[in-house]
Amino acid sequence: MDNRGKSSGDQNDAGEIKYRGVRKRPWGKYAAEIRDSAKQGARVWLGTFNTAEEAARAYDKAAYNMRGRYAILNFPEEYNLPSTSSHFHTPSDSGSGSREVFEFEYYDDKLLEELLDDNDDSQKGKKRG
């Protein structure tokens, strides 16, 4: 199996915690962004940060401002939300066996129709231009 392009396959990142909305840049800084469902899922750039935790907190602030108590956060305890609102598991959870997590996000009907149309076109071998 080819792991190129996947940070989980990198030897250097093996012990690193992954946060929602955060990517590590090749030069070591962390980028944060979020998708805005009010703008058909457009990406909103949050900035570049020195640490993954700073980037994760920027994501949490934007997510909470957009979605309120329904936001899925990296640090839900900082917003007085139950830790179950986060889809990340703590290291203590890893000993209890594997679990599968499903995450749902709301998109408006127009975007969903466009996504379905794109999928239908690609299955028929058509190219959109």
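## Helix across the sheet

In this predicted model, where local features need pLDDT of at least 70, side-chain atom pairs count only at pLDDT 80 or more, and totals for chains, interfaces and linings use all residues, α1 lies across β1, β2 and β3 and runs at about 15° to β2. Residues are numbered from 1 along each chain as its sequence is written, and side-chain values use heavy atoms, with hydrogens and water left out.

Helices (H or I, at least four residues) and strands (E, at least two) are DSSP runs, numbered from the N terminus. Angles run from 0 to 180 degrees between the N-to-C directions of axes, which are lines fitted to C-alpha atoms, for helices over the stretch in contact, and contact means heavy atoms within 4.5 Å.

## The sheet

The three strands form an open, antiparallel sheet in the order β1-β2-β3, where two strands pair if DSSP finds at least two bridges between them. At the edges stand β1 (22-24) and β3 (42-49), each pairing on one side only. Seven bridges join β2 to β3, and Arg35 stands opposite Arg43 in β3.

## The largest core

A nonpolar core is a set of buried Ala, Val, Leu, Ile, Met, Phe, Trp, Tyr and Cys residues joined through side-chain atoms within 4.5 Å; buried means under 20% relative accessible area, exposed over 50%, and partly exposed in between, with a 1.4 Å probe and protein chains only. The largest such core has ten residues, including Val22, Tyr30 and Phe49, and α1 gives the most to this core, with four residues.
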